[in-house]
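Visitor: I'd like to learn how to read a model like this one, feature by feature. Please take me through it.

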Amino acid sequence: MPSRSSVKETAVRERLDRGAGSNHDHSADKPAEWAQLFLVRFLEMRLFPWTFDMTILVRLLRIALVTILCIVAFAALFEFLNAVPTHLSLPDQPQGGVANPRGSLVVDALVWGVVFRAPGYLFNTIPLLIVLAVTEWKSAQSWRWYLTIWIIAGLLATGIPANDPLRLSAALLAAAATGYFYWLLAGKSAGDWLQAWRMREPNAGRKLLNYAAYVVLAYLGYQLSGYLYYGGKLLWVSSGPEPDPGTPPFHVRFEREMTASQKVAMMDFPDPASCLKEAETDDLSTDRLKEMDWDRIDNEDEAEVCVFRLLGSYENVSYATDWFKAQGFDVPNAFSSARPYIESDGTQRVVGMHSIRKKGPKFPTTGVVRWAFASIPYGMSVNATWSKDGKQLLWVNTYFSTL
């Protein structure tokens, strides 16, 4: 059913278009047309002010939903493009009596992107919404803006794979397509509602909303400054020299190359003292090492670095169970210090388990939105792997359990 405003505007235009076939010069009627359209808008906002407020709410909701949809689309498209080279390199015929997975490879990549990759990328929703809110406020309707924004976001989400040309190409193509998709759904109409907002007659309610808008913008600016600061550190460690591994030296599993976020975590937490709660003493006794400050932890990499720093400061694996329990973790008997799980290569693994569903997330502890996202998994487990003799901590891995 057409809205009241569209019916009124149509009526106005029909009255103005009468005699379109005559020799009358309609250029002189333009001011009258603008005046009547303005009058229609003015009366609508005076008689039905709630409809305009709903327009703002619907617009903001649309931006959020389109952003989430585009993140899912980027994840699916990125995994699809990543799988194409492998798909093309596989032989057409099965070999050795084994069925060729070539036919289902691309489909599996799409499913993997939507089901597994997209939930991880959704953590980038908040910084994206901050940037897109700025483009909305500035009425940026050029598709170039959104291609640039989504390309930068895509490269950051995929870890800027400069050493892998195929992966880099997949990230660039997926991000460019997603940016154009966002522009079609929301970007090309950015800021249209602001024009109507500026036409409103000043009143106390509008002033109050303006002040509320400034508060929201200040908060978003504060959040954006944090993301920019962290992004700057990511770029620094990606292009600069390798950071010091710290004390005890941090290692990752299988000695693979560290990600940029792991390097930043090493810089921010260079030693055990940087991971502990503030205290008047510099003593690092066995009990003091149990006082990990989870309020400082913002992400998984920081958690792994700090757990490694503290557990690695003990003499051997025998202290692991008590340390995990001091953090509020549950330690299964089959994965405890007394009975560590023995891997196939002889290394020993102790596991601490934390129920997010019952106790809430261990990190981050600040920020309502970030805390809500961290509450999506129902459990977290921390795996600490020691050497065969149990005297040296090799690496720490954190896993989250989701439905």
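**Charged pairs first**

Guide: Let's start with aspartate 293, which makes a salt bridge to arginine 296, with 3.2 Å between the closest N and O atoms. The term covers a side-chain nitrogen of Lys or Arg within 4 Å of a carboxyl oxygen of Asp or Glu. Keep in mind that this is a predicted model, where local features need pLDDT of at least 70 and side-chain atom pairs count only at pLDDT 80 or more, while totals for chains, interfaces and linings use all residues. Residues are numbered from 1 along each chain as its sequence is written, and side-chain values use heavy atoms, leaving out hydrogens and water.

Visitor: Is aspartate 293 buried or exposed?

Guide: Burial is read from relative accessible area: under 20% is buried, over 50% is exposed, and partly exposed is in between, with a 1.4 Å probe and protein chains only. Aspartate 293 counts as buried because its relative accessibility is 12%.

Visitor: How many salt bridges does the structure hold?

Guide: Six. One of them joins aspartate 287 to lysine 290, with the closest N and O atoms 3.7 Å apart. There, aspartate 287 is exposed at 52%, and lysine 290 is partly exposed at 25%.

Visitor: Which salt bridge links distant parts of the chain?

Guide: Look at aspartate 268 and lysine 233, whose closest N and O atoms are 3.0 Å apart. Aspartate 268 is partly exposed at 31%, whereas lysine 233 is buried at 17%.

Visitor: You mention helix labels. How many helices and strands does the chain have?

Guide: Helices (H or I, at least four residues) and strands (E, at least two) are DSSP runs, numbered from the N terminus. This chain has 14 helices and four strands. Of its 403 residues, 36% are buried.

Visitor: Which residues have the most contacts inside the largest nonpolar core?

Guide: A nonpolar core is a set of buried Ala, Val, Leu, Ile, Met, Phe, Trp, Tyr and Cys residues joined through side-chain atoms within 4.5 Å. The largest one here has 34 residues, and Leu311 and Phe324 have the most contacts inside it. Two or more residues each come from H10, helix H11 (300-311), helix H12 (320-326), strand S3 (379-386) and strand S4 (393-401). H11 gives the largest share, seven residues. A second, separate core of 22 residues includes Leu128, Ile149, Ala170 and Ala190.

Visitor: What does phenylalanine 324 touch?

Guide: Contact means heavy atoms within 4.5 Å. Leaving aside residues up to four places away in sequence, phenylalanine 324 touches several residues, among them Leu311, Phe329, Val350 and Val382.

Visitor: Why is H11 largely enclosed by the rest of the structure?

Guide: Eleven of its twelve residues are buried, so the rest of the structure largely encloses H11. Those buried residues include Asp301, Glu302, Glu304 and Arg309 as well as Val305 and Phe308. Their cover includes H10, H12, S3 and S4. You can check the helix length too: the expected span is 1.5 Å times one less than the number of residues. For H11 that gives 16 Å, which agrees with the 16 Å between its end C-alpha atoms.

Visitor: Where is threonine 385 found?

Guide: Threonine 385 is in strand S3, and it counts as buried because its relative accessibility is 5%. Among the residues it touches, not counting those up to four places away in sequence, are Thr347, Arg349, Leu394 and Trp395.

Visitor: Next, backbone angles. Which peptide bond is cis?

Guide: Most residues other than glycine have a negative phi, and most peptide bonds are trans. Here, the bond from threonine 247 to proline 248 is cis, with omega near -15°, and proline 248 lies in the loop between H9 and H10. Serine 139 has a positive phi, near 55°. Serine 139 sits in the loop between helix H5 (125-137) and H6 and is partly exposed at 25%.
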